[in-house]
Amino acid sequence: MAKSLDISGLDVYYGSFLAVQDVSMTIEPNAVTALIGPSGCGKTTVLRALNRMHEVTFGARVEGKVLLEGEDIYAPTIPAVRVRRTIGMVSQKPNPFPTMSIYDNVAAGLRLTDRRNRSGWGDAVERSLRRANLWEEVKDRLAKPGTSLSGGQQQRLCIARAIAVEPQVLLMDEPCSALDPVSTLAIEQLITDLKRRYTIVIVTHNMQQAARVSDRTAFFTVAGNGHPGRLIELADTAQIFSQPTDKKTEDYITGRFG
Amino acid sequence: MALLGRPSRHPPALADGLTARCLPRYALPVTAAAVPVAVLGLFAVTGLQGVAGFVVVSALLFAAAQTALSYLVEGRRSAVDRLCTALLCLAFAAAALPLLLIVGYTVRQGLKVVDLQFLTHSMFRINPEKVGGGVYHAIVGTLVQALLAAAMATPVGVLVAIYLAEYGGRRRFARLVSFVVDVMAGVPSVVAGLFIFTAWILVLGFQKSGFAGAMALFVVMLPVVIRSADEMLRLVPDELREAAYALGIPRWRTILQVVLPAALGGIVTGVMLGVARIAGETAPLLLLVSLNQRIEFNPFAGQTDPRPQETLPTLIFEQFGVAAGNAESPPFQRAWGAALVLIVLIGLLNLVARFVARFARVRG
């Protein structure tokens, strides 16, 4: 059962620099929420704060709360590793593990997080590849290296890898920006399929993509250089693109800046 | 030098169009033929002698002549270009010449002595001042000690490199460790040998042995392995680590099963190059390992019965001493033979390292 995320008063710091200020929003379950905004407005920063990936960066810290169905993922008793198994992430550039085959790539999340280290992940691998719409294309060459696929296929492989561990929420950081239009279409259709099972948050530069794919849209912007990014507006996609309430949102959507 | 017929920016006199004058194709070969003749004449007139002098003067004269010709025909920019190219080639020749001479001379002298008997027999019961015997015992000693040192240096070195690349970051302790590794890399091998001699033999009371030599080689090899493993680990892109973290894979497993395999080819190459380097180290072995004419496979054997291990560098040293300056004597020839074997051994190790690197890269 996909879960919802409740963010309240989120501030993200890189060292002493406040990158994102006071973000409060709710991510609906079984829906796609898009984070849009101009470059440098903090959308990726907010996304990474949702599964504690910012902790990988030296000097990054967070204040505020992020609740996953009521549980604060930043509670000191909860290790980051457990959070990331429930909230998965797909990056912008497809990055399959180069020393592993396609099968091993999809199974990596399962194999390397299971203390018992069982073998025989075949069913889970097939299920994930089918859900990622990649099974038919790779079922005969599961032993080939993960890097032998095309860009779009590699990204679907990364998505299969991410969903193999059965997360509740899937975070996607501009998943199509490195891909050609045909692959982009395939991934967008995949996202629409996936939301039946998972909660999806997607950061995108491409407004038309946000309009096509998402149910809810959040618009972020930054006042200027050195200022923190802020959430300006969050609403249903149809409404934000036709009748935005804030002037800044309207300016961005109509292309006056960004 | 593919300098012939390249068009240059033309001198101001030909300001229209793009083509410029350039030296005709025959110009440089003709100059190259004319210069030695001129220099021969010069030598005959002035009474200078010597092959080396002839070569140097010819090369310099050729460089000057081609620059002057180029300046007259093609213009200043081309002339400067040709001059710099000529100087670079001369510099390369000056750098490559000693290497070629060493290898050539070693091969020539060594081949007089190296044959199957030389490679498969030791010096047991052979009078070193007479012809006969071989270096098999020394080959065994070199390989055993170098591989033993590598077996000790590789795990320690890789673990330190993992600390520096994955956990250390900008912390003060990591910077201290990095500094110490750099200093260790500069420590002369004889000092490493002296340290092991004091610690192992004087203080702890063990005897000279192949193992003591291997420990000194370990000290020399460790910084090499750490440096190259550190570089290779840092070359693994962060995106891979992030992909693993995003799946909820804990850090130690990420390093062990994602990062390390990705860097493995380079690490193996670094280790093999380290082994190639220590295979020829002489000074610490002279301090720590006694000479021996018999084959000895056990590096832990001490000075008394059974006897310690001879290695190729120490054998060269020993035979040189016996020869006492007589370049035609059998021990001197034997030293050359051992030198050839050592160079070939190191060359083979380097080749294997390159092969492993290429194989790992193609697969990944």
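**A walk through the two chains**

Let's start at A:Asn105, which is buried, with 27 other C-beta atoms within 10 Å. When I say buried, I mean 20 or more other C-beta atoms within 10 Å of the residue's own; exposed is 12 or fewer, partly exposed is in between, and the C-beta atoms are placed from the backbone.

Quick housekeeping. This is a predicted model, so local features need pLDDT of at least 70 and side-chain atom pairs count only at pLDDT 80 or more, while totals for chains, interfaces and linings use all residues. Residues are numbered from 1 along each chain as its sequence is written, with chains lettered from A and ligands numbered from 1 in the order in which they are written.

Back to A:Asn105, which sits in helix α3 of chain A. Helices here are DSSP runs of H or I with at least four residues, strands are E runs of at least two, and both are numbered from the N terminus. Who does A:Asn105 touch, leaving aside its neighbours within four places in sequence? The contacts of A:Asn105 are A:Pro96, A:Phe97, A:Met100, A:Gly146, A:Leu157 and A:Arg161. Contact means that two C-beta atoms, placed from the backbone, lie within 7 Å. For a sense of scale, A:Asn105 and A:Thr245 are 140 residues apart in sequence and 44 Å apart in space, C-alpha to C-alpha.

Staying with α3(A), have a look at how this helix meets α4(A). Their axes come within 9 Å and cross at roughly 110°, which makes α3(A) roughly perpendicular to α4(A). The axes are lines fitted to C-alpha atoms, for helices over the stretch in contact, with angles from 0 to 180 degrees between N-to-C directions. Under 35 degrees counts as roughly parallel, over 145 as roughly antiparallel, 65 to 115 as roughly perpendicular, and the rest as oblique. On the α3(A) side you have A:Tyr103, A:Val106, A:Ala107 and A:Leu110, and they meet A:Ala124, A:Val125, A:Ser128 and A:Leu129 of α4(A). That contact splits into seven nonpolar residues, one polar and no charged. For those classes, Ala, Val, Leu, Ile, Met, Phe, Trp, Tyr, Cys and Pro are nonpolar, Asp, Glu, Lys and Arg are charged, and the others, Gly among them, are polar.

Two backbone spots in chain A next. Most residues other than glycine have a negative phi. A:Arg52 has a positive one, near 60°. This arginine lies in the loop between α1 (43-49) and β4 (60-68), and A:Arg52 is buried, with 22 other C-beta atoms within 10 Å. A:Asn133 also has a positive phi near 60°, this time in the loop between α4 (122-131) and α5 (135-138). Is A:Asn133 buried or partly exposed? A:Asn133 has 18 C-beta neighbours inside 10 Å, so it counts as partly exposed.

Now the partner. Chain B has 13 helices and zero strands. Its radius of gyration is 28 Å, well over the 21 Å that the globule rule gives for 364 residues, so chain B is more spread out than a compact globule. That radius is taken over C-alpha atoms, and the rule is 2.2 Å times the number of residues to the power 0.38. The C-alpha trace of chain B spans about 85 × 70 × 35 Å along its principal axes, and buried residues make up 36% of the chain.

How do the chains meet? The contact takes 21 residues from chain A and 17 from chain B. On the chain A side, α2 (80-86), β6 (87-90), α3 (102-111) and α6 (151-164) each supply at least two residues. The largest share of that side, three residues, comes from α2(A). By class, the chain A side has 11 nonpolar, six polar and four charged residues.

One last stop: α9(B). Its buried residues are B:Arg241, B:Ala243, B:Ala244, B:Tyr245 and B:Ala246, and what covers them includes α2 and β6 of chain A together with α10 of chain B. The axes of α9 (residues 238-246) and α10 (residues 251-278) of chain B come within 10 Å and cross at roughly 155°, which makes α9(B) roughly antiparallel to α10(B). After α9(B) comes B:Gly248, with a positive phi near 85°.
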